[in-house]
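Welcome! Take a moment to look over the chains before reading on, and keep the view open as you go.

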Number of protein chains: 2
Amino acid sequence: MARTPTTFDAFNAVAEPRRRQILEALGRQELSVNEIVKKLGWTQPMVSKHLGVLKQVGLVKERRVGRQRLYQVNAERLKPIYEWVAPFERYWSESFDRLDRILEEMKKEK
Amino acid sequence: MARTPTTFDAFNAVAEPRRRQILEALGRQELSVNEIVKKLGWTQPMVSKHLGVLKQVGLVKERRVGRQRLYQVNAERLKPIYEWVAPFERYWSESFDRLDRILEEMKKEK
DNA sequence: TTGACATATTCCTATATAGGAATATAATAC
DNA sequence: GTATTATATTCCTATATAGGAATATGTCAA
């Protein structure tokens, strides 16, 4: 069996660094393909293809205006990732607290 | 060019659903390979291979005790994912707020 | 209609899986 | 040493990319 397809879910779509860059570049703004091309300095087909994956997974929304296509982040589709990873956040922040406490002790001893 | 390797970073390692399951199964506990095998009901080689990827990326830590190998989540390696996705959380929670406000208005009108 | 602009799609290839089956390695007990 | 338990590794194959190059599609303007 092969790897889970990139279009399977947000996790797989976003594993590709370039697709994360596109989402970052979009941020809140709605951008045309060419604006993304200029902003990132990639080739146009490359941008279009990655947008295609993001669109299939629902991570971006497309709006057609004249000959342009304006893309926008659909952040809700990132929710599953956030919800999966958020519970782990306690682990490292807790261990940070522990380290913090240890460092405080060391200062006191000095 | 091919896809970003699974061992490239946490994003790619965690894109595979089964590897997320392993991390969830581990949670805070430290488990041996066989305990994970029993818990998830997979074959032993399958578990070992996925653990291998997780280990390469540093998402789990291995400790050898006798013939057993005890694995433990190394949550800090999930930090980059959390930090990347967290900023987007505002987007959907904001639109939820907006929806919330609209629903409030509708109630008042009744 | 013809051309210019904006974007998507097709064709190509090297590459890396994931899983199954079989086997290897390592540690312990007897 | 030998058997047994615990885990890792190897070999195999179908499959899905990502990127480059070339081309197709679609839309506006004159």
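Which residue in β3(B) is the bridge partner of B:E62? The partner is B:Y71. Please keep in mind that this is a predicted model.

## The sheet in chain B

Let us start with the sheet that holds this pair of residues. In chain B, 3 strands make up an open sheet, arranged in the order β1-β3-β2 with antiparallel pairing. Its edge strands are β1 (31-32) and β2 (60-65), each of which pairs on one side only. Between β2(B) and β3(B), which run antiparallel, there are 6 bridges. The pairing of β1(B) with β3(B) is also antiparallel and is made over 2 bridges. Here B:S32 is found opposite B:L70 of β3(B).

Now follow the chain from β2(B) to β3(B). The hairpin of these two strands has 2 residues between them, and B:G66 adopts a positive phi near 60° there. B:R67 also belongs to the loop between β2 and β3 of chain B. Is B:R67 buried or exposed? It has 6 C-beta neighbours inside 10 Å, so B:R67 counts as exposed. Although B:R67 and B:S32 are 35 residues apart along the chain, their C-alpha atoms are separated by 9.9 Å.

## The sheet in chain A

Chain A has an open sheet of 3 strands too, again in the order β1-β3-β2 and with antiparallel pairing. Its edges are taken by β1 (31-32) and β2 (60-65) of chain A; each has a single partner strand, so one side of each has no neighbour in the sheet.

In this chain, β2(A) pairs with β3 (residues 68-73) in the antiparallel sense, over 6 bridges. Within that pairing, A:E62 has A:Y71 of β3(A) as its bridge partner.

## A helix with a buried side

Next, turn to helix α2 (residues 17-26) of chain B. Which of its residues are buried? They are B:R19, B:I22, B:L23 and B:L26. These residues span an arc of only 95° around the axis, which places them on the same side of α2(B).

What do the buried residues of α2(B) pack against? Their partners are α1 (10-15), β1, α3, α4 and β3 of chain B. Just after α2(B) comes B:G27, with a positive phi of about 50°.

## How the two chains meet

How are the two chains arranged? Chain A can be superposed on chain B by a rotation of 180° with 0.0 Å of shift along its axis, giving an RMSD of 0.0 Å. The two copies are thus related as by a two-fold rotation axis.

At the interface, 22 residues of chain A contact 22 residues of chain B. On the side of chain A that touches chain B, α1 (10-15), α2 (17-26) and α5 (79-109) of chain A are the elements that give two or more residues. The most come from α5(A), which gives 10 residues. By class, this side of chain A has 14 nonpolar, 2 polar and 6 charged residues. Of the interface residues of chain A, 100% are also interface residues in chain B, so the copies meet through the same surface.

## Around the DNA strands

Start with DNA strand D, which is surrounded by 27 residues; the closest are A:A2, B:S32, B:N34, B:P45 and B:S48. Two or more residues each come to this surface from α4 (44-56) of chain A and from α3 (33-40), α4 (44-56) and β3 (68-73) of chain B. Which element gives the most? That is α4(B), with 6 residues. The surface near DNA strand D has 10 nonpolar, 10 polar and 7 charged residues.

DNA strand C is likewise surrounded by 27 residues, and the closest are A:S32, A:N34, A:P45, A:S48 and B:A2. At least two residues of the surface near DNA strand C come from each of α3 (33-40), α4 and β3 of chain A and α4 of chain B. The largest share belongs to α4(A), with 6 residues. By class, the surface near DNA strand C has 10 nonpolar, 10 polar and 7 charged residues.

Key: Residues are numbered from 1 along each chain as its sequence is written. Chains are lettered from A and ligands numbered from 1 in the order in which they are written. This is a predicted model: local features need pLDDT of at least 70, side-chain atom pairs count only at pLDDT 80 or more; totals for chains, interfaces and linings use all residues. A residue is near a molecule or strand if its C-beta atom, placed from the backbone, lies within 6 Å of it. Helices (H or I, at least four residues) and strands (E, at least two) are DSSP runs, numbered from the N terminus. Ala, Val, Leu, Ile, Met, Phe, Trp, Tyr, Cys and Pro count as nonpolar, Asp, Glu, Lys and Arg as charged, and the others, Gly among them, as polar. Two strands pair if DSSP finds at least two bridges between them. Copies are superposed by least squares on the C-alpha atoms of residues with pLDDT of at least 70 in both. Two residues are in contact if their C-beta atoms, placed from the backbone, lie within 7 Å. A residue is buried if 20 or more other C-beta atoms lie within 10 Å of its own, exposed if 12 or fewer, and partly exposed in between; C-beta atoms are placed from the backbone. The arc is that of the directions from the helix axis to the C-beta atoms.
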